[in-house]
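Notebook open, model loaded. I want the overall make-up before picking out single residues.

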Amino acid sequence: MSRHRSRVRYAVFGAVALTAVGGVSYWLVSGFPTSGDDAALPAIDLGASESQVTARIEQARNAVRDDPDSARAWAELGQVLHAHDFHAQAVGCYSRASMLDPADYRWPYLAALAQGKLDLAAARPYFEAAAALEPSNPAFYVNFGDLLLKLGQTAPAETQYRRALEMHPADSHARYGLARIALLADDLETARALLEAALEAAPRHGEVRALLAQVYARAGDTEAAEQEERLARASATTTRPDDPVIAAMEALAVSSTAHARRGSALARQGDFAAAEREFRRVLAIRSGHPRDHANLGGALARQGRTKEAIAQFRQGLEIAPEDVDLLNNLGLTLAEAGDLAGGEAYLRRAVDLDPTFYQAHQNLGLVRERQGDLKRAVEHYREALRLNPASADAHTNLGSALAGQGRIDAAVDAWSAALAIDPSNLAARYNLSVARVGQGRHAEAVALLREGARRAPRSSRFLSLLAWELATAPDPALRDGAEALALARRLFEAAPTNPERGDLLAAALAENERFDEAARAAEAALARVPDPSLELAAAIKRRAALYRQSKPYRQAQ
């Protein structure tokens, strides 16, 4: 089984008063007229706005002019203004929408979020108005709790976080909020338990790890605190929960900044084609920003469109010749296109400009590996880890280089470190599985493979090795002939001319004591091996001989 490596990255209204109608609370901006006309529309200075932003806002304003008694029109104008950071004006529009549609919690909720950008204390009544409508949205209660906690109102904040947990028991954000409250009360044990439960649900929730580091430090466990600090640096840091209301509002943004933000989010999700579209929209709106070319180049590179990616990186470097991110990205892309010398030159330039740029050291390690210089590859990976001990990718690649030197125990340590930092790192998980099989630690291998298959259910490498273990492991407690055969058939049907898949199918059939079929499958696989002198051919011959003797194949103890 081959090892896998990880790549690197590429205007203000008057006072607000609460009014009750029919038992439902809503917000009305003082002085707002009861019927719509131009005087009711918020005054907005669009002089510095991009043209498409101005056009979108005017479109929403015209909808209000056309139907001034429409809650939907006022709400959409509020959302468009909110999405483009006109927070005070958005509050007024949401208030008008709430007056026209007092049963919809979204408008006082969004008003609370917009008002919170201006005055935290003034945002609380909006949250309370929305809460009176009992929204079935756990993110609402998390955000309400966050506001109350910022205002020092710990008891009501706890109530909101617990309401969120009732709706979404695995919510790491609510547990994080409750842990902050526990820590304020110096209840370290409760805080620790809450944070560990949050990490079970969201292992890459960086702020949870950062707070857990504080808990360990205050408890005197320096080693655990340092470990959590390293993990926090490697993880996402946002505490913002998924919220369909906020997402719908933000989807109305048409600014270049909004398109860039969406593109980056899509790239993190692995949807590089959609990210490309967003980054192209950015470049159509504005020019002269080297990072926009870097973003587009990265999305193109991840789609295998190397020439286009290189062109974008070069355009960015024409604008900013010493941008180390662009130098790094261009160097990596050239190396992956086969130009190792050219890639090395740009990566070296990045390191010369910024000796602390660990990503460039890591990518230089990849270049050295491809040049066959494993000693220097290890040196670059170790330097990357010295600069950033929390880089799971650097640990993964270090493990591959060490394994290439035959230093399997050291490689296992590196891959284990990568998984401790990022349990979703599939390359480290697969490599560690292969190593454990080679070390005869089959139970550990099976556990790693099952988790890998759970995280990547269509991954043929995890499924193939798992099926092999289930069919051929020396420990009978680990074998499962039925599951092995089901997996092997599925894999074989996807690639029936692949001799390794045929060999796997034969082993699974033999585990189920279907020896005649196993022998025929092995012979068919042998016929598909391109070179009879390969070790694979010899191995299949040995296994076929066992099947003809009605014996299954077993790995050595």
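I started with secondary structure: the protein chain has 29 helices and 2 strands. I am working from a predicted model here.

Next I checked the overall dimensions. Along the principal axes, the C-alpha atoms fill a box of roughly 90 × 55 × 50 Å. The chain has 557 residues, and 50% of them count as buried.

Which residues touch the most other members of the largest nonpolar core? I got Ile-57, Trp-74, Leu-77, Leu-81, Tyr-109, Phe-127 and Leu-195, out of 68 residues in that core. There is also a second, separate core of 37 residues, and I noted Leu-504, Ala-507, Ala-510 and Ala-521 among its members. As a reminder to myself, nonpolar side chains in soluble globular proteins tend to be buried together.

I followed up on Leu-77. Setting aside neighbours within four places in sequence, Leu-77 is in contact with Leu-41, Pro-42, Ile-57, Ala-60, Arg-61, Val-64 and Cys-93. Ile-57 is on that list and also among the core residues I wrote down above.

A helix pair came next. How do α4 and α5 pack? Helix α4 covers residues 106-116 and helix α5 covers residues 120-131; their axes are 8 Å apart, at an angle of about 170°. Angles over 145 degrees count as roughly antiparallel, so α4 is roughly antiparallel to α5. From α4, the contact uses Pro-108, Tyr-109, Ala-111, Ala-112, Leu-113, Gln-115 and Gly-116. From α5, I listed Leu-120, Ala-122, Ala-123, Tyr-126, Phe-127, Ala-129 and Ala-130. Sorted by class, that makes 12 nonpolar, 2 polar and no charged residues. Tyr-109 and Phe-127 turn up in this contact, and I had already met both in the largest core.

Ala-445 sits in helix α24, residues 442-455. Is Ala-445 buried or exposed? Its relative accessibility is 0%, so I put Ala-445 down as buried. Leaving out residues up to four places away in sequence, Ala-445 touches Ser-433, Arg-436 and Val-437. I also took the C-alpha to C-alpha distance from Ala-445 to Leu-432: 7.6 Å, with the two 13 residues apart in sequence.

His-293 is in helix α15, residues 290-302. I get a relative accessible area of 8% for His-293, under the 20% limit, so His-293 is buried.

Notes. Residues numbered from 1 in each chain as written. Predicted model: local features only at pLDDT ≥ 70, side-chain atom pairs only at ≥ 80, totals over all residues. Heavy atoms only, no water. Core = buried A, V, L, I, M, F, W, Y, C linked by side-chain atoms within 4.5 Å. Buried < 20%, exposed > 50% of the residue type's maximum accessible area, 1.4 Å probe, protein only. Contact = heavy atoms within 4.5 Å. Axes fitted to C-alpha atoms, helices over the stretch in contact; angles between N-to-C directions. Helix = DSSP H or I, 4+ residues; strand = E, 2+ residues; numbered from the N terminus. Parallel < 35°, antiparallel > 145°, perpendicular 65-115°, else oblique. Nonpolar A, V, L, I, M, F, W, Y, C, P; charged D, E, K, R; others polar.
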